[in-house]
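Hello,

I am passing on the structure we talked about handing over. Please look through it first; my notes follow below.

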Amino acid sequence: MSSVHLFLNNSIISPAAAAGIRRRRIPFPGRVIACATLDVRPPGLTAAATEAAAVMAAEARVLVGTYARAPAVLVSGKGCKLYDVEGREYLDMTSGIAVNALGHGDPDWVRAVTEQANVLAHVSNVYYSVPQVELAKRLVDSSFADRVFFSNSGTEANEAAIKFARKFQKFSNPDVKQPPVEFISFSNSFHGRTMGAVALTSKEQYRTPFEPVMPGVTFLEYGNIQAAVELIRTGKIAAVFVEPIQGEGGIYTATKAFLQALRSACDDAGSLLVYDEVQCGLGRTGLLWAYEAYGVFPDIMTLAKPLAGGLPIGAVLLTERVASAIKYGDHGSTFAGGPLICTAAIAVLDKISKPEFLASVSKKGKYFKEILIQKLGGNSHVREVRGTGLIIGVELDVSASALVDACRNSGLLILTAGKGNVVRLVPPLVISEGELDRAAEILLECLPVLDQSNSK
C-alpha cells in the first residue's frame, strides 16, 4: 500500500481516487484551493488535485507549523526524478537538501537496506554491531580521522563536537581553573538548530526566538584571517567551527590561506579546528572530503546529509588526540549507528568513494557551471555563478523565490540560500549531463519572472 493510499484510507478522500496516479507529465492546473470534502471541488479541479489539497489541509491541522512547504505532495522518485500525487514529474536539483547523493531508489542501496531490515534493524549502543564497526573503519580509512562517533543528524553531530571540544580542553588543561570554553563561528554559517548548534549559526532569526542560547560564541567575518588569529591567540577559544564551503549561507568557499591560518593559530593556542562538512562533504565537491582540496586537516569533522542515502545519520570524525579525552558516559545516543542505518551508509560510501565516481562528479560540476555561466551569465539579475563540483550557487540581485516557484511549475526543483537571493543547486551526484542541460534550460526559460516580480 502506498503512502497516498494509506493517507486516503484514513481521511475524507476515497482511496479509489488515487488509482489513476501514474508517472506522467500533465499540465499544471494552477493554484490548488484546499477543500474539505471530495464533493466540494472547484470547477476543473481533478481528483488528484483534490487529494493533494486534502493532504495539505491535513498537514495544517496536525503538524507544528515550522515549515513553509512548497505546494507539492511528492509520492515517488526514481533516479533524479520525483513525482507528485497529481502525476507531475520533476527534475530534482535539491536531493532532499543535498542528501540523496545516489538519487532516488538506487538499486544497490535498496537491496542493502531491504536485506538488513530483514535481519536486524536496531539494538542500541548497549551492544556491538558489525555494520557500525564496518562503517567506522571505512570512514577512518578514507579520512584524517582515527575515531568516529555516530549520531542521527548534522545538528547532533555538531552538538557532539561542541561537547568533545569542551571536554578536550578540560582534559588537556587539568591544572587550569578556567580552561578555554568559547567558540568562533563565522558570518553566513549554519551548523544546525539545536541549542548548541544554533548558537554557532550566524542568522539571527534562527537564534533570537530561543535566547539565551549557549553563550561564548563570537561570529567573525568568513575569510577574515586577522580577526580570527587575534581572537584565537587570546587563549579563550576551545574550538573554531568552519564550513570549507558554506551551503545554507550562500555557497561561499574558503580560501586555502584562511584555513591554513586557522590551523596554525589553533595549533599555537591549543584550540581545536572543527570542519562542518555536513553539506559539502562526501563527494559533493568531486572529492570525498571538501578539505582535501586544501590539504589542511581538522581535529574534528562533522558529517551527515548524504551519508546514509536518505536515512537519518550523523557522524563526528576525530583524531586520537581528541578522542583520548572522551570517556564512557560522556556522550551517547539510543538510535545512532544502528545496523540498518550503517548498512545503508556503507552502500553509499562504497559507491561515492570510488575514484571514477568522484571524477564524474568533478567533470559534471565543471560542465554544469560552464553552461550556467553561458546561459544565465548575461542576465541583468545574475550577479555570479559560483561553487565547486555539484554544489553551485547562482547569486541574484533580487529574491529568488519567484524563480523557485516558476521552476517548480516548469518541472524543476531548486533551493535558495544566503539571504534568499541565491539559487542553490545540489542535485544527486548521479545526475547526467543531459539532465543538467535540461535544468539550465528551465532556469533560463524562467528567468524573466524576476523582471515581473521586481516590477511589482
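This is a predicted model: local features need pLDDT of at least 70, side-chain atom pairs count only at pLDDT 80 or more; totals for chains, interfaces and linings use all residues.

Some backbone details in the loops come next. Between helix H8 (204-207) and strand S6 (217-220), the loop contains proline 212. The peptide bond from glutamate 211 to proline 212 is cis, with omega at about 5 degrees.

Isoleucine 251 is not a glycine, yet its phi is positive, near 60 degrees. It sits in the loop that runs from strand S8 (245-246) to strand S9 (252-253), and it is buried, with a relative accessible area of 0%. Leucine 282 also is no glycine and has a positive phi, of about 60 degrees. Its loop lies between strand S10 (272-276) and strand S11 (300-303). Leucine 282 counts as buried at 1% relative accessibility.

Last, helix H15 (residues 433-446). Its 14 residues reach 20 Å from the first C-alpha to the last, close to the 20 Å expected at 1.5 Å a residue. The buried residues of H15 are Glu435, Leu436, Ala439, Ala440, Ile442, Leu443 and Cys446. Viewed down the axis of H15, these buried residues fall within an arc of 160 degrees, so they line one face of the helix.

Regards

Technical notes: Residues are numbered from 1 along each chain as its sequence is written. Side-chain values use heavy atoms; hydrogens and water are left out. Helices (H or I, at least four residues) and strands (E, at least two) are DSSP runs, numbered from the N terminus. The expected span of a helix is 1.5 Å times one less than its number of residues. Buried means under 20% relative accessible area, exposed over 50%, partly exposed in between (1.4 Å probe, protein chains only). The arc is that of the directions from the helix axis to the C-beta atoms.
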